[in-house]
Amino acid sequence: MGNALRLLYGHCCKPSAAEQPDSVGHHGVTAATVGVSAMAHDLYNFEITSQVPEGLSKHVVSSKKAQANWYRKLSDAWRESKPPPKTPEEASRLVTETLKRHQKADVEGLLAFYGLPLPHTLVELNHGAPPPHPHHRVEGVKFELQTLPVDAKAVADGDTITVYVSTMDQRESACVPREVQVAAVQRSKARGDRNYTKADALHQQIIDAGYRVLMIQNEEVLARKYRIRLRGIDAKQELTNIVQGKCLRILIYTEDRYGRCVGDVYCNGIFVQEAMLKKGLAWHYTAYDKRPELEKWEKEARGKRVGLWASSNPEMPWEWRKDRREQR
């Protein structure tokens, strides 16, 4: 486990200056990947020194001797987990399962110390290929997109993602406008000649036509732009957390009045709308989507009082945006 913990700590423990904390645990870490790497660091340190972190005793009820016992068990569990936890949810499940016979106050205090989700907020999601379930039905699907990795800035608000699809994709390759193809070739030549003013002007022509040249793994890729409206929900921060840097599978059903493609989004086999509703981080748009499973997931999150529903009177995001537009 030493190697697994050392690698995770080295890769995750130091957030960039641009990272903003979502919520902060008593350990001084955010309720994101940093909390996982802080725990990895402390477990690695415990293997060397047999010392638990300073300050933990303020947040749990058991003695230092008992705490050492927890860290010994957690070190063994982390070593045996393949792969080791990488997300807050995975780390929280490992702690909860490993210490399930210990006092609830100790388990919750330890999780809060690292800014990790408490047991009652964890949700089970479907992974892998979408199963034959009502919310994965494909009736009415017009086409499917396989996107390039999504940038964090692509999530403008709680229901829209800007994605790009490579023009090498079979569906896209047949419909790239001639002027875009010519501009892409001329731009590449201009950059080779170090005529960056001309190259930038050509790229603007490409962008104006709904395309863009992206750098993917040190290679330039001509890609078509799509604005995706997530079918049936509204959220933002969790949407960014799920899709950032990932390639997406999107089932497109229709187009809305703003020119956005309305669809269901899948990321690494996870149905994105399901994940956000179950975590209480999205509203179900009942006016536009009557699927009972979306209603059920929102109701479950309300019952657990997680995410938005921790507030007694959460404001509907579309009403909040309307108030901002009208400067109320």
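Biologist: Is arginine 305 buried, partly exposed or exposed?

Modeller: Arginine 305 counts as partly exposed, because its relative accessibility is 48%.

Biologist: And what is phi of arginine 305 near?

Modeller: Phi there is near 55 degrees, a positive value in a residue other than glycine. Serine 50 is another residue of that kind, with phi near 65 degrees. You'll find serine 50 in the loop between helix H2 (33-49) and H3.

Biologist: Switching to aromatics. How many aromatic pairs does the structure hold?

Modeller: Seven aromatic pairs. Take tyrosine 266 and phenylalanine 271: the ring centres are 5.2 Å apart and the planes are at 25 degrees, so this pair is stacked.

Biologist: Why is that called stacked?

Modeller: The angle decides it: planes under 30 degrees apart count as stacked, and this pair is at 25 degrees.

Biologist: What about phenylalanine 271 and tryptophan 297?

Modeller: They make an edge-to-face pair, because the planes are at 70 degrees, with the ring centres 6.2 Å apart. Phenylalanine 271 belongs to strand E8 (residues 270-271) and tryptophan 297 to helix H11 (residues 292-304), so the pair ties together parts that are 26 residues apart in sequence. Tryptophan 297 is buried as well, with a relative accessible area of 4%. Tyr266, Phe271 and Trp297 form one aromatic cluster.

Biologist: Which charged ends sit over rings?

Modeller: Here are two. The charged end of arginine 231 is over the ring of tyrosine 253, 3.8 Å from the ring centre. Arginine 302 has its charged end over the ring of tryptophan 309, 3.9 Å from the centre.

Biologist: Let's do the strands. What does E4 pair with?

Modeller: Strand E2 (residues 160-166) pairs with strand E4 (residues 219-230) in the antiparallel sense, over seven bridges. Strand E3 (residues 211-216) also pairs with E4 in the antiparallel sense, over six bridges. Then there is strand E7 (residues 261-267), which runs parallel to E4 and is joined to it by three bridges.

Biologist: How many residues lie between E3 and E4 in the hairpin?

Modeller: Two residues, and one in the turn, glutamine 217, has a positive phi of about 50 degrees. On the strands themselves, methionine 215 stands opposite glutamate 220 in E4.

Biologist: Where is alanine 235?

Modeller: Alanine 235 is in the loop between strand E5 (233-234) and helix H9 (237-243). At 7% relative accessibility, alanine 235 counts as buried. The C-alpha atoms of alanine 235 and aspartate 159 are separated by 6.0 Å, although these residues are 76 residues apart along the chain.

Biologist: And H5, which residues are buried there?

Modeller: In helix H5 (residues 104-113), the buried ones are Asp106, Val107, Gly109, Leu110, Leu111 and Phe113. Glycine 115, which follows H5, has a positive phi near 70 degrees.

Biologist: Last topic, confidence. What is the mean pLDDT of the chain?

Modeller: The mean is 82, and 80% of the residues reach 70 or more.

Biologist: Which elements have the lowest and the highest mean pLDDT?

Modeller: Helix H1 (residues 2-12) has the lowest, at 45, and helix H8 (residues 196-208) has the highest, at 97. Over residues 1-32 the pLDDT is below 50, and this stretch has 60 contacts in the model beyond near neighbours in sequence. Residues 128-136 also stay under 50, with 18 contacts beyond four places in sequence.

Biologist: How should I read the low stretches?

Modeller: Where pLDDT is low, the predicted coordinates should not be read in detail.

Key. Residues numbered from 1 in each chain as written. Predicted model: local features only at pLDDT ≥ 70, side-chain atom pairs only at ≥ 80, totals over all residues. Heavy atoms only, no water. Phe/Tyr/Trp six-rings, centres within 6.5 Å; stacked < 30°, edge-to-face > 60°. Helix = DSSP H or I, 4+ residues; strand = E, 2+ residues; numbered from the N terminus. Buried < 20%, exposed > 50% of the residue type's maximum accessible area, 1.4 Å probe, protein only. Lys NZ or Arg CZ within 6 Å of the ring centre and 35° of its normal. Pairing = 2+ DSSP bridges. pLDDT = per-residue confidence, 0-100. Contact = heavy atoms within 4.5 Å.
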